[in-house]
Amino acid sequence: MAWSYRKLCVLLTIAGSAAFVSLLLNGHLFQSTASLPKIYQRLAHATANTTTETRKAVTPLSTFQQRRQHFIDACTARRRLDNMNFTKGLRLFHVGDLAMCLVPKTGSTMWKQILFYLDTNQSGPFFEVNFDAIHRRMNARRHQPVRSLRERVVTAVFVREPYSRLFSAYVDKLFKPREDNWRVFGRPVVNYVRRTSAAVSKTCAGNVTFAEFVRYFIDSETKPEAKLRRNGHYTPQSQHCGFCTSVVGSRRQQDQQKVKMLKSVDNKRQGVTGQMDNIDTSSMGHFQDKLPEGFLVYDFIGKTESIVADTWAILEASHLARRLPASFDMSRGAHKHTIARIVRNVVETTASSCMSKEEKLRRTWKNFQIRGMISKRELFPLTPAEADDVTIGRMQELALSAFDRSTSDPELKGNKMEAMIEAYSTITLTDRQALRRIYAADFELFQYPPSIPEVFPEGDKFHLGSYRFFNIFDK
């Protein structure tokens, strides 16, 4: 049975003492699982029992160790980020032995679906569950306070390459046809950058360009006097989830007492494993030489670029992987579910004064191409008259058939990069440099290069392909 090895995890005895923990925090890589912190022991035991085929799908333990150690070093060098933290308070989605902080546009929708499936004790096929309004439904659930988490709880967070995340926010919130998003995300942009535009442009806000979006974002981050509304879908990730910020507050004396008690057990100065319920203790124990007091460090830092392998590793470490159906597929299965859901939402909405139904469907088709779900070779399949009358079922059939045919296209995986280059080629060098400064902390904390060729090509000369992802009415 697929993934049946996970059942072995239940039988494991998590061994090790606080003395072993400090080795990780001093940057050592381990060969013996007996020397690993408890959170990593679970993953090491689980992956050691996988088959060759499934082991490829789980991120190596050393990768998480390296990311975590780099974060500690970078956070120490940068000191506190309290004065620039975007989020007020810390929201954790807690299910079983896992507590997640979800940063928008880093795979948070998929993770909310996973957590919802687990928290509501679902047992059937994953994508047959009703995930409608998943953000509202999950946000309405009670969130566990940091200090109330049990010691065994694994804490995790996902991050993403900053330029790609910003581009994804534009495609998802502004380019994709959804009028409620245009009101929330688009209207502030056109009111700011198109001060002399016609009223209908400001009302609909469905044709905001990437350059306009970037201009608004830069000014919202750098010109407080403009009083522009900021949005967590594109604010720096370093300003979310309490990164490099203090969670000690008035609990400092209590935490110092905890450290004192730990010392009495182990004569060596050690802390605990780093779970968030003891994070204050960690900062005063084995973290105190590494970080300023009270800094929060997650057990696992996942990356969207390796989201499938990272997700399975985190689920293994938190003993949750076995609770997902064996058929759960985070790639093709997730893409098919996304296509069917988006098509249904678009076709259900009627044409409006803001945009014709044909344009909405064409934008949807382009959206699938940008995301690497449908090949560039798959042209929009409907005439204007057919687009006006198409049913949900027929449009889903057309899109899913194109999705299946696209798997044979060797260039499919390059769609997103090509579209991203096309978008950033419309941004001035001055604005691109401004973005680099705004995301400086993200680059430092999460090991992303500040100048990538998709945004800063050699000689500042962009080389575009023949296909235009943002030309809505091409053939």
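**Close-up 1. Strands S2 and S3 side by side.** Strand S2 (residues 98-101) and strand S3 (residues 154-159) run parallel to each other, joined over 4 bridges. Strands here are DSSP runs of E with at least two residues, helices are runs of H or I with at least four, and both are numbered from the N terminus. Two strands pair if DSSP finds at least two bridges between them. Look for Ala99, whose bridge partner in S3 is Thr155, and for Leu98, which stands opposite Val154 in S3. Before you zoom in further, note that this is a predicted model: local features need pLDDT of at least 70, side-chain atom pairs count only at pLDDT 80 or more, and totals for chains, interfaces and linings use all residues. Residues are numbered from 1 along each chain as its sequence is written, and side-chain values use heavy atoms, with hydrogens and water left out.

**Close-up 2. The whole sheet, strand by strand.** Step back and you get an open sheet of 4 strands in the order S1-S2-S3-S4, with mixed pairing. Strand S1 (93-95) and strand S4 (300-303) are the edge strands, each pairing on one side only. From one strand to the next, the twist averages 25°; axes are lines fitted to C-alpha atoms (for helices over the stretch in contact), and angles run from 0 to 180 degrees between N-to-C directions. S3 and S4 also pair in the parallel sense, over 4 bridges, and here Phe158 has Gly302 in S4 as its bridge partner.

**Close-up 3. Strand S3, wrapped up on both faces.** In a regular strand the side chains alternate between the two faces of the sheet. For S3, one side carries Val154, Ala156 and Phe158 and the other Thr155, Val157 and Val159, all of them buried. Buried means under 20% relative accessible area, exposed means over 50%, and partly exposed is in between (1.4 Å probe, protein chains only). With 6 of its 6 residues buried, S3 is largely enclosed by the rest of the structure.

Close-up 4. Helix H6 (residues 108-119) lies across S1, S2 and S3, at about 40° to S1. Helix H14 (residues 307-317) lies across S2, S3 and S4 and runs at about 170° to S3. Contact here means heavy atoms within 4.5 Å.

**Close-up 5. Two aromatic pairs.** A pair of aromatic rings is described by the distance of the centres and the angle of the planes. Rings of Phe, Tyr and Trp (its six-membered ring) pair if their centres lie within 6.5 Å; planes under 30 degrees apart are stacked, over 60 edge-to-face, and the rest tilted. By that rule there are 31 aromatic pairs. One of them is Phe127 with Phe328, a tilted pair with 6.1 Å centre to centre and 45° between the planes. This pair links distant parts of the chain, 201 residues apart: Phe127 sits in the loop between H6 and helix H7 (134-139), and Phe328 in the loop between H14 and helix H15 (332-348). Phe127 is partly exposed at 24% relative accessible area, while Phe328 is buried at 8%. Now find Phe213 and Tyr234, an edge-to-face pair at 4.9 Å centre to centre and 90° between the planes. Phe213 is in helix H11 (residues 210-222) and Tyr234 in the loop between H11 and helix H12 (252-265), so this pair ties together parts 21 residues apart in sequence. Both Phe213 and Tyr234 are buried.

**Close-up 6. Charges over rings.** Lys303 lies over the face of Tyr448, 4.3 Å from the ring centre. Arg436 does likewise with Phe456, at 4.4 Å from the ring centre. A charge sits over a ring if NZ of Lys or CZ of Arg is within 6 Å of the ring centre and within 35 degrees of the ring normal.

**Close-up 7. A few salt bridges.** Side chains of opposite charge can pair when their charged atoms come close. A salt bridge is a side-chain nitrogen of Lys or Arg within 4 Å of a carboxyl oxygen of Asp or Glu, and the whole structure has 24 of them. Among them, Arg67 meets Asp310 at 2.8 Å, N to O. Arg67 is in helix H5 (residues 61-78) and Asp310 in helix H14, so the pair ties together parts 243 residues apart in sequence. Arg67 is buried at 10% relative accessibility, and Asp310 is buried at 0%.
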